[in-house]
Every structure is written in structure tokens, then in C-alpha cells.
Amino acid sequence: MAEHNFEAVLEDVIEWRRHFHQFPELSYEEVNTSQFVYDTLTSFGNIEVTRPTKTSVMGRLVGSEAGQVLAMRADMDALPIHEETELPYASKNPGVMHACGHDAHTAMLLGAAKLLSQKQLTGEVRFIFQHAEELFPGGAKEMVEAGVMEGVDKVIGLHVFSMIPEGKIAIAYGPFTANSDVFDIEIIGKGGHSSEPHETIDPIAIGAQVVSNIQQIVARNINPADKVVVSITEFHGGTAKNIIPDTIKIGGGVRSFNQEVREEVSQRIGQIVKGITEAHNATYVYDYVFGYGSVNNNHQVTAEIEELITEELGSDYILETPPMMGGEDFSAFSNEVPGCFIGIGAAFTQEHEKDRNFPHHHPKFSIDEKSLENGLRILAKAPFKLL
Ligand code: NI
């Protein structure tokens, strides 16, 4: 295995990450970020750089000998959050912040591309810089449709995690992230005066029954061995104490790990809404949106990644984790070919820095930059292990 000069490139990675952090861009609007990535990749030489979609970038590094193709993916978009970290390199775009660490992903993959561009390779490495992970339908699906996975044999990706300590790498065999779906229900009754309820069809009373019956799905319909969450997070209706409204709206989210369960939940919600509204002479509109699919790590690729982490960083870095309920559109890539998605621990571990740990999507979200080296080492060595 060819040795890399990590120290020199690590300085670039930190500088790039801080640059992206200062100039975050929202999903589908990654104009300057993708241009920066395009120009930087081009400057390495040896890498064929293209734009599969308007704000995404793909780099192809083709080795001297034919072989398998490994795709490595980083996402590039930021969130509509106003940063409150007071870091010297805090966001300069008011109301927009890299509060999920995608700045780190982009910088680490650029660093790996720089190191690999100076090496002799067998096969091909494809660097996928994806737009719009944070906003459904997501950039991954668009990039797959644009053909970035054609000819690819394996795909890997990573995410920094502020809830996992720096020095640990989270890996999971099988499901890692959940199917992430949402639904909307509108119950259409007949409004009127609160003193004459018999003249109305009260959508609030009906909606309350819908909400409580939906709780039965997980409790009474789904096999307890299947992990699933159904949460009602919105209930809107009414304008005054003495008016029964015409309609109310209910919304929520569903997380699951298998396709059948996901379809069953969507059908059960529909049956409950239909049955209860019919019983009370109301009508309804029901919309269930199948969001990002679950990331399901391939056993062989995950075993190779675990071995690589052990060799490169040490076995004490390995943190086998249960599936997480979060969603990730990396699944659009890993549904095409065997893949593995890992979590890079990025929480501050020093006692005096622990007050800098905040959850993802929080205005004070921050990562320990020491995590960048861990991710860089894995990405830069992966082609030698996986190809
Ligand atoms: Ni993210």
C-alpha cells in the first residue's frame, strides 16, 4: 500500500473546511461551493472533472491498470440556520449555516482526491460531490439518474457525528439509517357555531380520534421485532373559541428499516383515516410521501472498511452501532451497488471543550477538527483496500 503524506494535505483539508464553513450555501444552490470543488479538483491534474448536475461535481481518477470502480461520496449543502458559534470562521451568509458537517465531508474528500491523484492505482476512483442532501427529493437521486453510478462496483460515504466522540468510527452491518417518510392528512367536516354542534361535522373531534388510533399502528399492527416510529408532529385547526372549523390538518413522520413495514404503515394510516372519517360523515385528503430510503450497509464492504480502520487507525476506533433513526439520501447510491456508510466521531472529548458539543442542525453545532484526519485517512486508503 502506497504511503501518503497526510500532514501536508491535512492543512489543506482544514483550510478548505473553514472556507466552506464561512460560505455555506443551501440545497440546490451550491453554486460557489461546487465551483470551488470543481476548480480545486482540476488543479490536482490526473482527475477528469465533470458536472453531472448544475451544482454537483464528479471527479474520475482512472488508474494505469484496468480494474474495479470505487465511488466515494461527500455532500456539500448547508442549512437555513443562523450560526451562533462565534468561531473566527463562522458563517458569513446570514441565516445559512453548515450545521450538519457537510463542509467537513467535502473537505475530506477533496483531501483524499489530492493524495490519490499522486498515486498509481488499479481500477478507478470516482469522487462524487453531491448537492442537496438536506432537502427532499435530494441530490443523490438526481446524480444517479445523471449516470454517475454507471460502471461503479462499490460505493462508500461518511458523516461526521457530534454525538460520537472523536477517536471513534461508527460502523453498522446492515441497516444504518432509517426510511424517512412524511404524511399529511386533511379532515374536511362542516363548520358552525360551537353552541350547535349537531348542525356541524366537527373535524377536531374526528382528528383527535385519528391521532389516537394512529398510535395503535406501532403498538398493535407492527411486529415488535421491527423498529418503527410513527410521530404526529402537526395538528392545525380552528380560529376562535365559539367556532367549530370546517377543516383541520394533521402531519407527521414515519421512520422504519424495511420496505414492507413502510408500506404497511402507509396503508394503515390510510385505513384509519378513511374508517374514522366515514363513521362521522366527514371526508379527507391523505398524502404519504416515501422519502429517503434506509442506508443498508453491505456486509462485505463493511468488513473491508472495518479492517481498513483497524489497520489505519487501530481497533479501539471501531464503534459498532445499532441502526439510527435519522435519514440519509446516500441510500440512492448504495441501492445501486454494494456500499458502506460510516460515522466519524467528531464530538469534543477534552473536558474544557465539552461545552462545544451540540446536536446536528443546532445553531451552535461544531465539530472537533481532529476528526478530519480520521476521515481523510479512511478515504485516502479505501481504494487500496476495496479495489
Ligand atoms: Ni448531514
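This is a working chat about a predicted model of one protein chain.

Biologist: What should I know about the model and its numbering before we start?

Modeller: The model is predicted, so local features need pLDDT of at least 70 and side-chain atom pairs count only at pLDDT 80 or more, while totals for chains, interfaces and linings use all residues. Residues are numbered from 1 along each chain as its sequence is written, and side-chain values use heavy atoms, with hydrogens and water left out.

Biologist: How many helices and strands are in the chain?

Modeller: The chain has nine helices and 16 strands; these are DSSP runs, numbered from the N terminus, with helices being H or I of at least four residues and strands E of at least two.

Biologist: And what box do the C-alpha atoms fill?

Modeller: Along the principal axes, the box is roughly 80 × 40 × 40 Å. Of the 387 residues, 53% are buried, where buried means under 20% relative accessible area, exposed over 50%, and partly exposed in between, using a 1.4 Å probe and protein chains only.

Biologist: Turning to the helices, at what angle do α2 and α3 pack?

Modeller: Helix α2 (residues 31-43) and helix α3 (residues 102-116) pack at about 15 degrees, with axes 10 Å apart. Axes are lines fitted to C-alpha atoms, for helices over the stretch in contact, and angles run from 0 to 180 degrees between N-to-C directions. That makes α2 roughly parallel to α3; angles under 35 degrees count as roughly parallel, over 145 as roughly antiparallel, 65 to 115 as roughly perpendicular and the rest as oblique.

Biologist: Which residues meet there?

Modeller: From α2, F36, V37, T40 and L41 meet T106, L110 and A113 of α3, contact meaning heavy atoms within 4.5 Å.

Biologist: What does H159 touch?

Modeller: Leaving aside residues up to four places away in sequence, H159 touches C100, H102, H105, E328, F341, I342, G343, I344 and H360.

Biologist: Then T233, buried or exposed?

Modeller: T233, in strand β10 (residues 228-237), counts as exposed because its relative accessibility is 59%. Apart from residues up to four places away in sequence, T233 touches G251 and G252.
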